[in-house]
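Open the model in a viewer and keep the selection panel at hand. The stops below go from the whole assembly to single residues.

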There are 2 protein chains.
Amino acid sequence: MLSRAADGPDGPLTFIPGAYRERFLLPSDMVYLDGNSLGPLSHSARDAVADLASRQWGESLISSWNEHGWMEAPRRIGAKIAPLIGAQADEVVVCDSTSVNIFKLAAAALLARPGRTTVLSEPGNFPTDLYMIEGLKRLRPDLDLKLVPRDEIAAALDEDTALLLLTHVHYKTGEMFDMGVLTAATHKAGALTLWDLSHSVGAVPVSLNRTQADLAVGCGYKYLNGGPGAPAFLYVANRHQQGLTSPLSGWLGHESPFAFDDAYRPAEDIGRWRAGTPPMLSLAALEAGVGQFEGVDMQDLWDASQKLSQRFVERVTGQCAEVELISPSAPDARGCHVSFRFHSAYEVVQALIAEGIVGDFRAPDAMRFGFTPLYLSLEEVERAADRLVDILATGRWRQPEFAVRKGVT
Amino acid sequence: MLSRAADGPDGPLTFIPGAYRERFLLPSDMVYLDGNSLGPLSHSARDAVADLASRQWGESLISSWNEHGWMEAPRRIGAKIAPLIGAQADEVVVCDSTSVNIFKLAAAALLARPGRTTVLSEPGNFPTDLYMIEGLKRLRPDLDLKLVPRDEIAAALDEDTALLLLTHVHYKTGEMFDMGVLTAATHKAGALTLWDLSHSVGAVPVSLNRTQADLAVGCGYKYLNGGPGAPAFLYVANRHQQGLTSPLSGWLGHESPFAFDDAYRPAEDIGRWRAGTPPMLSLAALEAGVGQFEGVDMQDLWDASQKLSQRFVERVTGQCAEVELISPSAPDARGCHVSFRFHSAYEVVQALIAEGIVGDFRAPDAMRFGFTPLYLSLEEVERAADRLVDILATGRWRQPEFAVRKGVT
């Protein structure tokens, strides 16, 4: 994945940043650097949701489960996500939330490695990843959640490790793990890998098959532009599909849900990871969001993103010494977002929002900005950088209204 | 709940069947007796979904989590469901699917009853309820899922019972458990109750507080008209809220999700049962669906439903000896749907659908019909009954096209 570093962010771009801007309904006076928290609405998502509601649900009602392909939607959308993460179509399914999917896969991995009781991760991983393992520990008190700094992870893998659970692109710093190297080390220790791709899918090239990754989960509402709280996805490598079973064995994961048997028999395929009935309105938006990536090469998109983020970083750090980049400075060592540390990050983010530049505050002192070339142009990113520099230079983030904390997202 | 049996279905009705028909977008040539599988689209749900997509997501983007009350939606909608099930506003939250919520609460109940290992239920309960306990057993092999016929349940409660898990209104027959009697018996044995209200909420009066029920879950897409795969809800009696914790301890159940702490601390209130980010498009439809019940007395609605179902049953069984009612014959002993056994139930249901009468087939040999007075009139129900009788009398269900099985829902 790092092989094209020589071209770097300054090589010629195949995907022109902002090329798909017209597909999205972004307010014209807004520079939206927060697609890594909630991707924007596309025209096709808006239309898909309206169609699902009025024509499918409204007119076909219950028969839509067959007529309009609702029953197959989780597998169908999973198959569309698969090429974005280097997986086969039958290795991915859309269901539940990222959190719930982590629980399912981590529990199944533990059961597949009897005698091993450690889940290895890093401190500062996205909290829900750690929280779900804490929850699993309530039911499996022998489980040990072991957190070691990222540069000590490979050395910490041992014969007690059942699972390595990492977020591929760090939610705050954007730092990216080398999936191939860590997966190989994990396998050497006899353990399985579970990659959280929430900040990777639709952002950077991911090669689950090539790196021989075992398990993965990811989010639908960030770079996939699937809508607020869009259902998540999960990946199980084909070689594990018969051996692993979900502890959340709901009826839609049954081999034959409408036989209404008292006893559970998991579906033969990736469909076994489904639990309850899928939320179709949300799935319709997700399918449309994923559809925007059709024909887009992820390496090309990442190249464009690197160009955007690097231009932003250089323009900010070149003019302003007060903020500290806490993301890797090499663009190919990070995902599609960067973060800066600043003592009053909350206030600065509010001041930016007031001027139409939307980024994220991440407690306690980080400003985070996402660079998604589908709809962001180089000119917008430069304008946003200049505005940030100006807000810092003038100190207008000190205006009292920017200090009022709302329930922060 | 059985106290008004004397008035029966023939007393004067306060809620006139079909009174809210204009609020729904049902096709004019359809008699929809399948609201117990998927409730219809209301105008307000259609508008709420469009508003959530275009105005909230499309224009306010990430700031909608605060500006448009997204973050509070699970608690807010839970509070609106609460009066329909005899609960306090702070005892109900909307999250995940019914299946996943069963897992959370059953696991928490087991942990709250150390030394007890039996989950008691009945054979033929809705399958996912049993399947989720099977899944839990993967993680807790000491767990015993004990199934006894419904009339032996009270006697089977003993000092090893941790949890009684029952569906209040049976998904197939519509038979209703006496929640008060069984809850009292369960408490006497030192165990907890978990009621699945999927076929009760919005259908019959439910008195969780009065019967001292401990835990409950329910579905958003049936009588609540919340849309296909609408998120589910769960109820935890106030007296248990500090003592029980979800094993699916995701970040949105954290006391302070945006502190991004490594360690999990459950929220003080019902919000602790949330796991991942809620699917807002689906929640918008659910909130609008629940809104239709504002000002409606559940006893009045059930009275009207009994009138409808009884008229249907009498009209069918009075003219046709071939079908056998497998629901209780006393209308106040059942919920808002009835089922008939017939050797070729699948074909008859298909023949009815072809004539605009939409009911459900339930394997292997049941025809199921739901009676929701919000939008169904007495005249429609009579027409549907006559059509069923005619299809049986003429034998036109034998036409070959009705024998072609589609993936059945």
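This is a predicted model: local features need pLDDT of at least 70, side-chain atom pairs count only at pLDDT 80 or more; totals for chains, interfaces and linings use all residues.

**Stop 1: the interface**

Select the residues of each chain that touch the other. This picks 87 residues of chain A, in contact with 87 residues of chain B. Of the interface residues of chain A, 100% are also interface residues in chain B, so the copies meet through the same surface. The area buried between chain A and chain B is about 7000 Å², and carbon and sulfur atoms give 68% of that area.

Now show side chains for Trp57(A), Tyr131(A) and Leu139(A). In chain A these residues lose the most area to chain B, together 12% of what that side buries.

Which polar links join chain A and chain B? There are 23 residue pairs in polar contact between chain A and chain B, counting pairs with both residues at pLDDT 80 or more. Salt bridges across the interface of chain A and chain B number zero under the rule applied.

Next, colour the helices on the side of chain A that touches chain B. At least two residues of that side come from each of α1 (43-60), α2 (64-67), α4 (98-112), α5 (127-139) and α8 (280-291) of chain A. With 10 residues, α5(A) supplies the largest share. Colouring the side of chain A that touches chain B by class gives 51 nonpolar, 25 polar and 11 charged residues.

**Stop 2**

Zoom in on β12(A) and its partner, strand β13 (residues 366-370) of chain A: the two pair in the antiparallel sense over three bridges. Within β13(A), Arg368(A) is the residue opposite Asp360(A).

Then follow the chain into the loop between β12 and β13 of chain A, where Pro364(A) lies. The peptide bond from Ala363(A) to Pro364(A) is cis, with omega near 0°.

**Stop 3: a backbone angle in chain A**

Select Phe260(A), in the loop between β8 (233-236) and α8 of chain A. Phi of Phe260(A) is near 55°, a positive value in a residue other than glycine.

**Stop 4: chain B**

Bring chain B back and select its sheet. Four strands of chain B make an open sheet in the order β9-β10-β13-β12, paired antiparallel. Its edge strands, β9 (324-325) and β12 of chain B, each pair on one side only.

Here look at strand β10 (residues 337-341) of chain B, which runs antiparallel to β13(B) and is joined to it by five bridges. Ser339(B) stands opposite Arg368(B) in β13(B).

End at Pro364(B), in the loop between β12 (360-362) and β13 (366-370) of chain B. The bond to inspect runs from Ala363(B) to Pro364(B): this peptide bond is cis, with omega near 0°.

Note on methods. Residues are numbered from 1 along each chain as its sequence is written. Chains are lettered from A and ligands numbered from 1 in the order in which they are written. Side-chain values use heavy atoms; hydrogens and water are left out. Contact means heavy atoms within 4.5 Å. Buried area is the accessible area (1.4 Å probe) that two parts lose on being put together, summed over both. A salt bridge is a side-chain nitrogen of Lys or Arg within 4 Å of a carboxyl oxygen of Asp or Glu. A polar contact is a pair of N or O atoms within 3.5 Å; within protein, one must be able to donate a hydrogen and the other to accept it, and residues adjacent in sequence count only if both atoms are side-chain atoms. Ala, Val, Leu, Ile, Met, Phe, Trp, Tyr, Cys and Pro count as nonpolar, Asp, Glu, Lys and Arg as charged, and the others, Gly among them, as polar. Two strands pair if DSSP finds at least two bridges between them.
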